[in-house]
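Dear colleague,

I am handing over the structure we spoke about, together with a short account of what was found in it. Please open it alongside this message and follow the residues as they come up.

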Amino acid sequence: LIMSGVVSRKAVLVGLSRSRIGLLSVPVNEQQDREFRWAAGVQRYSKAPSEVPMYSKHEKREFMEIFPDINRELSFEIMPKDIGSLLSKHLAKCIQYTVPDGKKNRGYSVPASYRLLAKEAATPENIRLATILGWTVEFLQAFFLVADDIMDNSITRRGKPCWYRKE
């Protein structure tokens, strides 16, 4: 991976293996630079590392597709019947309001890590389970944020009124 703007013009970060990264000198002219990149099998990014997406649009879409099912199951399907009529709609609104917003990097990292570690053994069902586990991380983060808002007496979170302040 070549990241321009991160190190000097004559040096680039190159992934030498999955376990280590090395710093190599790069030929100065454009033709040698192209040959170097081709031989190393690396891709050039003109953006800073923080601007390069960590997860593909497909991975993000796959992650988000499961959320409505999780919300419905938690809010309506596994809710005890005696309190379901009182609590289900309120819980669904709370989950929808507090959980899916934000960067979701913690949640995305769970199925992504599973894919990297499981390799060929990553079945669609196991990826789905890893995605659900990723959502549990997002639920935990949402809980921490709501608790933090209450303790700090915050008014807004992510440009919206805090959940505890909603009517």
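**The aromatic cluster and its surroundings**

Tyr55, Phe63, Phe67, Tyr108 and Trp135 come together as one aromatic cluster. Please keep in mind throughout that this is a predicted model, and that every value below was computed from it.

The structure holds six aromatic pairs. In one of them, the ring centres of Phe63 and Tyr108 are 5.0 Å apart and the planes stand at 75°, so this pair is classed as edge-to-face, the cut-off for that class being over 60 degrees. Because Phe63 belongs to helix 2 (residues 57-65) and Tyr108 to helix 5, the pair ties together parts of the chain that are 45 residues apart in sequence. Both partners are buried: Phe63 has a relative accessibility of 2%, and Tyr108 has a relative accessible area of 8%.

A further pair is formed by Phe67 and Trp135, whose ring centres lie 4.8 Å apart with the planes at 45°, so that the pair counts as tilted. This pair, too, links distant parts of the chain, since Phe67 sits in helix 3 and Trp135 in helix 6, 68 residues apart. Phe67 counts as buried at 3% relative accessibility, and Trp135 counts as buried at 0%.

As general background, nonpolar side chains in soluble globular proteins tend to be buried together.

**The chain as a whole**

The chain has six helices and six strands, which follow one another along the sequence in the pattern β-β-β-α-β-α-α-α-α-α-β-β. Of its 167 residues, 30% count as buried. Among the contacts in the chain with a separation of 6 or more, 54% are between residues 24 or more positions apart.

The chain exposes about 11900 Å², of which carbon and sulfur atoms supply 58%. Ile83, Leu86 and Leu87 form a nonpolar patch on the surface, and together they have about 280 Å² of accessible area. Leu87 lies in helix 4 (residues 81-98) and, at 36% relative accessibility, counts as partly exposed.

Finally, two residues deserve a look for their backbone angles. Most residues other than glycine have a negative phi. Lys119, however, has a phi near 50°, a positive value in a residue other than glycine; Lys119 is placed in the loop between helix 5 and helix 6 and is partly exposed, with a relative accessible area of 46%. Arg158 likewise has a positive phi, near 55°, and is found in the loop between strand 5 (156-157) and strand 6 (160-161), where Arg158 is partly exposed with a relative accessible area of 43%.

Definitions and conventions: Residues numbered from 1 in each chain as written. Predicted model: local features only at pLDDT ≥ 70, side-chain atom pairs only at ≥ 80, totals over all residues. Heavy atoms only, no water. Helix = DSSP H or I, 4+ residues; strand = E, 2+ residues; numbered from the N terminus. Buried < 20%, exposed > 50% of the residue type's maximum accessible area, 1.4 Å probe, protein only. Contact = heavy atoms within 4.5 Å. Areas by Shrake-Rupley, 256 points an atom, 1.4 Å probe, with all protein chains shown as cover. Patch = residues over 30% accessible without salt bridge, like charges linked within 9 Å, V, L, I, M, F, W, Y side chains within 5 Å. Salt bridge = Lys/Arg side-chain N within 4 Å of Asp/Glu carboxyl O. Phe/Tyr/Trp six-rings, centres within 6.5 Å; stacked < 30°, edge-to-face > 60°.
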